[in-house]
Every structure is written in C-alpha cells, then in structure tokens.
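Hi,

Here is the structure I promised to pass on.

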Amino acid sequence: MSNIPYKIFLEEDEMPKAYLNLRAFMKEKPEPMLNPQTFEPVTEEELNAVFCSACVEHELNVTDKYIEIPKPVQDFYKMYRPSPLVRAYNLEKLLDTPAEIYYKFEGTNTSGSHKLNSAVPQVYYAKEQGLTRLTTETGAGQWGTALAMASGFFGMDTTVYMVKVSSQQKPYRKAVIETYGAKVVPSPSETTEVGRAINKQYPGTGGSLGCAISEAVEVALSTENCRYALGSVLDHVLLHQSIIGLESKTALDKYGITPDVVIGCVGGGSNFGGLIAPYMADRLEGRNNVEFVAVEPASCPTLTRGRYAYDYGDIGKVTPLMKMYTLGSGFMPSPNHAGGLRYHGMNATVSKLYHDGYIKAVSYEQTKVFEVAKDFARVEGYLPAPESSHAIKATVEEALRCKETGEKKKILFGLTGTGYFDLSGYMKYNSGEMTDYIPTDEDLEAGFASLPEV
C-alpha cells in the first residue's frame, strides 16, 4: 500500500490567495472578441453593458499571471473548500493497472459541482458594483444552482434561463434553484423576442445553451441595473476555476507527484481549463511535459469535429464573436444527458491551446460513459455526474493502456460533480432504453452554415 492517503486535504492557510491567469503564460494569445454588429474588436465599454466591470477587467487581462482573490470570496470558499484530492485505489484495483489514478472532487457543495467557484466572485463583484439583478443560463442545472446559492448569500435578484429539456429531466434541480431564491424560466421561452423566434423556427425544440444564453443576454441588456453572468466559455470564468488546478497541484506537490496525464470533460471549457491551468502554465514555460486530454460527448463533438473559426456564443447572435472551435451557433445538439456539455463552442484559450497542439481531444457515446460511471460509483462510492463521467471514461482507457504496456503513469482527472440530479439518465441506462446519437456530416454542415463570414 502506498503512503499516499485516500484523500489529500489542504490546510486552510494553504488555499490559493490568487487565481492563475493562463493567458498571461501564453506567447501566442487567443484572438480578440469581436462586436457582433461591426465585427471590430469589442471594447471594454461594450462588454461593460453585458457583464459586471470586474469580470470585464479579468476578461481583457492577458498580462497579469496572478489576480488576487477578494477576501470575502476567500471567506466564502472556506465554507466548502479546499475540495478533496482522492487517490482512486479501488478503481486502480478494479482495472488491475500499474497506473496511479487521482481525481479532484468538486461535488462537496449543494450545487454539486465546480460551478460555485465562479458564481461566488461574479455575484460578489456585481454586488460591489451596486448592481441589483443578474440573469444567466444553465444547461444541466449546476451553474444555475451555484449562481442561485451565491445570489442568495449576497442578496442578489437572479433569473435563470434553463435549457428546456434539462428542466424537464431535472425538476428537482429547478426546486433547489428556487429554494435559494432565484427564478427559473425554461428556454426557449415566450418571454423574450429571441425565445419566441427560436420556438417558431424550431417547433418543439428542447433548447440548447446557445438558446438560453440569448434569452439571458437580451433581458440583461433591456433591464435597468442588471448584468449577465456566465458559467463557462469566457476567460474570466476559466480564471476563477483555476482554483481547482492550484489546489490539485499544491496537494500533489506535498508528495512529490507531477501527473503524466491530466484529463477533464469539456463543454464550454472552464472546468477543464481551470484543472490544467498550473500544469499548462509550467508546460508553456518548459518546466514539464504533461499530456492534457479534453473529453467531450460524441453527440456534441466541438473539438474533435468542429471548426476553428470566429462564431457567436449564442443562437440569437447577440453575444460577441469568439475565435474558437465550434459546430456553429445554429447547431442544435441532441438532448443527451450530459447537459453541461451540450454547447456548440469552446473557450477561446482552450481552443487556441488545442489548435497549437498542447491539448488532445477524444469523444465518447453516452452509453459507454454511463457504463464506466456505474463501475466508478460501485468501487469509489461517489455517483458521478454524466459530464464528469466522460473524464472517467478517458481515464479508464488510459489506465488500461498502462496495463498493456506496463507503464506506471500518474493520471489526474477532474470529477466535476455528483449525479444525484441525473437519475433519469441512470434509469434509462439501467433499463436499456438509452441510445446513442452521433451527428452526421450533414448535421454538422447545417451548423457550419451558420458561421459568420469574418
């Protein structure tokens, strides 16, 4: 038995006091965002109309390697952080692999996921600015729950546009959001112009994150003293999520461990970007040769089958354009159960690093993902969210390769959340009713047709 404990916790004084700004370590920066009307680089003033000013400052900062975490945010973090870093001894035994497997578990708060890491600073900054209302979108519901929790704590009025199919699949997630005081609107709705237009164009649609973003942004722009809060995709969110990687590195450094492979699921890219941040920063400065693997659903294959192009972040085409890997803002993903990964685009920094060869990407069908999720739950005790289970699947594949080759790799993956609100998915898998959907080339071409000519 190794001398490494099952769970490695940090002491309170070891928690990060600053976020890591990954873009500051990159020699080649991501391309700037563009105004959706003029296609010119978006200005700070234009972004301030949508987001709170502190988040805009973070979004545009490409020079400061570290950005201080405000003391009230640090104090909130102490209620649920540091999160445990776990040595997956039982999974290693099940797989009979020589590999060492570690995972950072982010499901120790009521939201059940990593999303609270960014919700807390975003609501804090909005409150400090004197704002009184926030709008947002949510896919699987983790972000909506997290923002509702932070809003309840700081006293912020918040409306959550929840992807309609997710609101139908997860009524109890809606109940938790409302318990914390936020309002939930299934999207696309009839409460906004863009929602009505989407319903007309796609009758009976289950919606998408792109739809919900459009509605939330429309309301933020048309409501006094209101801004939009985003749970993924943009770089200020990735910045806040760097706390995951910083804690992971501090914990593993205690035992002299540097992972050979870091694996995370990707939807918008923020949890993956946050997990890899300190290790990628070191690699960019030549201090390690860590391999990074991004894992996505085969039903929404943004990195593995998408295009690297400027695109809108939403189906209503009201958000700034980003140079990213995308399936086109008009791509309507299948209503699979990895709701948090049901997004057409990818964070610009993650996209740039992938394009430049620093990151590998793989995709899996959801039946294969749920298969390993059940194995993981049986031996490790946690019921993983479908999103996180994509990372588990890739980790299992890597560990089995080590079994074949005899390599003793050290693997770190992100367990971003729990699956207690995803039981409809587990029920479908257990009953044999779950099916896989992989978009055809024709499906993807329909999405690519919506790409702007920039």
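Below is what turned up, starting with how to read the numbers.

This is a predicted model, so to speak of local features we need pLDDT of at least 70, and side-chain atom pairs count only at pLDDT 80 or more, while totals for chains, interfaces and linings use all residues. Residues are numbered from 1 along each chain as its sequence is written, and side-chain values use heavy atoms, with hydrogens and water left out.

Cysteines to begin with. A disulfide here is a pair of cysteine sulfur atoms within 2.5 Å, and by that rule the count is zero. C55 is in no disulfide: the nearest cysteine sulfur, in C52, sits 3.4 Å away. C55 is also buried, at 2% relative accessibility (buried is under 20% relative accessible area, exposed over 50%, partly exposed in between, with a 1.4 Å probe and protein chains only). As for C265, the closest cysteine sulfur is that of C300, and at 13 Å it is too far for a bond. C265 is buried too, with a relative accessible area of 1%.

Helices (H or I, at least four residues) and strands (E, at least two) are DSSP runs, numbered from the N terminus. Two packed helices are described by the angle between their axes and the distance between the axes. The axes are lines fitted to C-alpha atoms, for helices over the stretch in contact, and the angles run from 0 to 180 degrees between N-to-C directions.

Helix α2 (residues 53-60) and α11 have axes that come within 8 Å and cross at roughly 90 degrees, and are therefore roughly perpendicular to each other (under 35 degrees is roughly parallel, over 145 roughly antiparallel, 65 to 115 roughly perpendicular, and the rest oblique). On the α2 side, C55, H58 and E59 make the contact, and on the α11 side D235, H236, L239 and H240 do; contact means heavy atoms within 4.5 Å. By class, that contact has two nonpolar, three polar and two charged residues. For the classes, Ala, Val, Leu, Ile, Met, Phe, Trp, Tyr, Cys and Pro count as nonpolar, Asp, Glu, Lys and Arg as charged, and the others, Gly among them, as polar.

α2 also packs on helix α5 (residues 116-129), at an angle of about 125 degrees with the axes 8 Å apart. That makes α2 oblique to α5. S53, A54, C55 and H58 of α2 meet Q122, Y125 and Q129 of α5, and this contact has three nonpolar, four polar and no charged residues.

Next, the charged pairs. Side chains of opposite charge can pair when their charged atoms come close. With a salt bridge taken as a side-chain nitrogen of Lys or Arg within 4 Å of a carboxyl oxygen of Asp or Glu, the structure holds 28 of them.

- E247 and K104, with the closest N and O atoms 2.8 Å apart. E247 is in helix α11 (residues 235-253) and K104 in strand β5, so to speak distant parts of the chain, 143 residues apart. E247 is buried at 0%, and K104 is buried at 1%.
- D96 and K403, at 4.0 Å between the closest N and O atoms. D96 lies in the loop between α4 (89-95) and β5 (100-105) and K403 in helix α16 (residues 386-405), so the pair ties together parts 307 residues apart in sequence. D96 is exposed at 53%, whereas K403 is partly exposed at 44%.
- D375 and R378, at 3.6 Å from N to O. Both lie in helix α15 (residues 366-380), three residues apart, about one turn of the helix. D375 is partly exposed at 31% and R378 is exposed at 57%.

There is also a salt-bridge network linking K65, K249, D253, D282, E285 and R287.

I177, in helix α8 (residues 171-179), is buried at 0% relative accessibility. Leaving aside neighbours within four places in sequence, I177 is in contact with G141, G144, T145, A148, V160, A182 and V184.

Cheers
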